[in-house]
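Let's work through this model together, one question at a time. Have the sequence and the 3D view open as we go.

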Amino acid sequence: MTPAEDKVAILDAGTQFAKLIDRCVRELNFHSDILPLDTSPYKLKEEGYKAWIITGGPNSVNSNDAPNYDQDIFRAQIPVLGICYGMQMLNKEFNGTVVKKESREDGPIRIDVDEANPLFKGLEKNQEVLLTHGDSVDKIGEGLKVIARSPNCIAAICNEKNTLFGVQFHPEVKLTRNGKKMIENFLVGICGLTGSYNLPCRMTSCIQHIKEQVGEKQVLVLLSGGVDSTVCAALLRKALPSEQIYAVHIDNGFMRKNESQEVIQSLDALGIQVHLESAGKEFAMGHTFLDNGIRTPLLCTTTDPEMKRKIIGDTFVAIADRVIHKLNLDKDNVILCQGTLRPDLIESASHLATKGGLASVIKTHHNDTALIRHMRQEGKVVEPLKDFHKDEVRALGRSLGLSEHLTQRHPFPGPGLAIRVICAHMPHVDTDFGETEVLAKLVVQYKHLLARKHALLNRIENNTSERDRELLIEATATKYNATLLPIRTVGVQGDARSYNYCVGISCAQDPNWEHLKFFARIIPQVCHSVNRIVFIFGPLVQFPVHEITNTQLCPMVVSTVRQADYLANQVLASAGLTNSISQMPVVLVPVHLDRSPLKTVPSCARAIALRPFLTDDFMTGEPALPGKDIPLEVVHKMVSEVLTVNGISRVFYDITTKPPGTTEWE
């Protein structure tokens, strides 16, 4: 433990990024603790916390159920940095106003900062930061001043005399290019702290945690073959005698092509003997019970993504119980080991990852269902990586002597291809569908429709800056079209889950990918019910899409996405680019494009979406941009290969940052 004057308190308002703040502070050599937002400032002072950081959160400060906090937190003569929701709390506390504006901002945006302010010392005036919010500061509170602006909002405020600072953006994430420097300026330059905290050896901590929790019991470790479960197995081998460890790979029927065989071979090379349990039929016909006691439909007929994840997670536990019986183990003497990571717990709003229970569920991970949480309470689950992000797991794997082939494998979700199929029986066409499609078209055809003085142009003007509109005129000199797809995908916006439309952009010629990336930022800014943007390869899409192809997890559908995934990844691997991309989900989308509404041809084909993604921690990230991050010829080769799969009419390329879109579509 460092001296008391070096301790930093992180007050959790329900953000997805609390652990990233904690990680950033500790990497700057300061001890930090994540505490509930309503922690008493007197207790904080008594326990020696010399700097307080208030996180973002999914709530509105104007809401009747806004989280409680002690108002003296801003009057305790301790430096405070409010992030996103924390900045809005600060402003409202001093009689400023926070309003829900017509515009919202989600993604990397350039802002202008006051270089003379100590928070931005050593930085240039123009900075790229991550903004993701619906509410914005309007009238500045008493004693506060503006120290940064985005094109559409006040981006930072402060009262230097009282050492109160607020930023609307997220300095803790890597999409804010100089965010770590800003946090360092706050802790060192403003708070006057001296960092003397050293990170403990995390491998030693993990091994000790395993020994203490497992004791003399047997451990059943579920191995998917991914880096997380493989590192778990390597840690178990260091911590425990081999006779205590039972490694199991469960083939749930939604694995990639040849995946199970490759998993067994790669783990066998490490000296890990793996029991293979084939359970495809059990998963397809699996069901579970919801918190209200209602039984779910069978997985093979389920369309709701949350329900799919819960069924799969609980079925894994049921199959694990079957394996325990097969191996003649005593169920009461067995602990389940999972490769659960911090982002899994954050997105599932687990109490292990958020303090005070204020976080929103983005998606329930299969390793954090209600059944798993109950098992945790009974001490029947060990998760040595639960405080790690993906890049930290890879570093730990290298320290354990694992090969690059294993540590750099692309993440593959436990539910497998089951959550890479957008299942639907009916199109999602809400009352806002027509207007949203018109607005999306306005963005990509702005120059043409500006001359015609379209009636909804004011919506673009109210949600964009003058500079944005200048760039729109330049970008829309090329002929683009926008097609609203009648499906929903999962996103994260303003620290809350969104389940919104996807917009497809098509072009009459080869597109400018920088323009497409720009559209991907502007469209969700203008269309608040959109959280994902894709480019549609092929000719300009002529017809609107108001129907979907009935899609559920039947063998033919799963085989289709499996073959598309295999072909796309083969091209990526052959080009030597697998390690250049953090992950590439390949998603089956139930839309049949190029169907004339004048003909009675049923919707029977589907599309495939490619999602090459760049990130370190998987909390935020960007699309791998063709021509910049991945060669155009490789992308075109992937597209042509995928189009050889029967039943695929078009290929999409996901150009959405996180936020507003999550890495996976479900």
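**A proline and its surroundings**

Tutor: Welcome! P626 has its place in the loop between β21 (622-623) and α20 (632-642). Please keep in mind that this is a predicted model.

Student: Is P626 buried or exposed?

Tutor: Residues count as buried under 20% relative accessible area. The relative accessible area of P626 is 4%, so P626 is buried.

Student: Which residues does P626 touch, not counting those up to four places away in sequence?

Tutor: The chain brings P626 and N512 together from 114 residues apart, with 9.6 Å between their C-alpha atoms. Leaving out residues up to four places away in sequence, the residues that P626 touches are W513, L632, V635 and Y653.

Student: How many aromatic pairs does a search of the whole structure find?

Tutor: A pair of aromatic rings is described by the distance of the centres and the angle of the planes. Searching the whole structure gives a count of twelve.

Student: What kind of aromatic pair do W513 and F537 form?

Tutor: Plane angles under 30 degrees count as stacked and those over 60 as edge-to-face, with the rest tilted. For W513 and F537 the centres are 6.1 Å apart and the planes make 45°, and the pair is tilted.

Student: How many residues apart in sequence are the parts that this pair ties together?

Tutor: W513 belongs to helix α18 (residues 513-526), while F537 is in the loop between β17 (530-536) and α19 (555-574). The pair therefore ties together parts whose separation in sequence is 24 residues.

Student: And what kind of pair do the rings of F535 and F537 make?

Tutor: Their centres are 5.2 Å apart. Their planes stand at 85°, so this pair is edge-to-face.

Student: Are F535, F537 and W513 buried or exposed?

Tutor: The relative accessibility is 3% for F535, 10% for F537 and 8% for W513. The cut-off for buried is under 20%, so F535, F537 and W513 count as buried.

Student: Over the ring of which residue does the charged end of R202 sit?

Tutor: There are two such arrangements to look at here, one with a lysine and one with an arginine. K7 lies over the face of Y49, 4.3 Å from the ring centre. The charged end of R202 is 3.8 Å from the centre of its ring, which belongs to F388.

**The nonpolar cores**

Student: Which residues touch the most other members of the largest nonpolar core?

Tutor: This core has 90 residues, and its largest share, nine residues, comes from α9. Beyond four places in sequence, one of its residues has contacts that include V443, L472 and Y480, and this residue is F519. The residues that touch the most other members are F519 and I523.

Student: How many residues are in the other core that lies apart from it?

Tutor: Among its members are L81, L119, A155 and C158. The number of residues in this other core is 37.

Student: Where is T315, and which residues is it in contact with?

Tutor: T315 is in helix α9 (residues 305-326), and at 6% relative accessibility T315 counts as buried. Apart from neighbours within four places in sequence, its contacts are E282, F283 and G286.

Student: Which strands are at the edges of the six-stranded sheet?

Tutor: This open sheet runs in the order β15-β16-β17-β22-β19-β18, with mixed pairing. The twist averages 30° from one strand to the next. Pairing on one side only marks the edge strands, β15 (480-493) and β18 (586-589).

Student: Which residue in β22 is the bridge partner of I608?

Tutor: Strands β19 (residues 606-610) and β22 (residues 648-654) run parallel and are joined by five bridges. In β22, the partner of I608 is V651.

Student: Which strands stand at the edges of the nine-stranded sheet?

Tutor: Its order is β2-β1-β3-β4-β9-β8-β7-β5-β6, again an open sheet with mixed pairing. Each edge strand has a single partner, so one side of each is left without a neighbour in the sheet; these strands are β2 (32-36) and β6 (126-137).

Key
Residues numbered from 1 in each chain as written. Predicted model: local features only at pLDDT ≥ 70, side-chain atom pairs only at ≥ 80, totals over all residues. Heavy atoms only, no water. Phe/Tyr/Trp six-rings, centres within 6.5 Å; stacked < 30°, edge-to-face > 60°. Helix = DSSP H or I, 4+ residues; strand = E, 2+ residues; numbered from the N terminus. Buried < 20%, exposed > 50% of the residue type's maximum accessible area, 1.4 Å probe, protein only. Lys NZ or Arg CZ within 6 Å of the ring centre and 35° of its normal. Contact = heavy atoms within 4.5 Å. Core = buried A, V, L, I, M, F, W, Y, C linked by side-chain atoms within 4.5 Å. Pairing = 2+ DSSP bridges. Axes fitted to C-alpha atoms, helices over the stretch in contact; angles between N-to-C directions.
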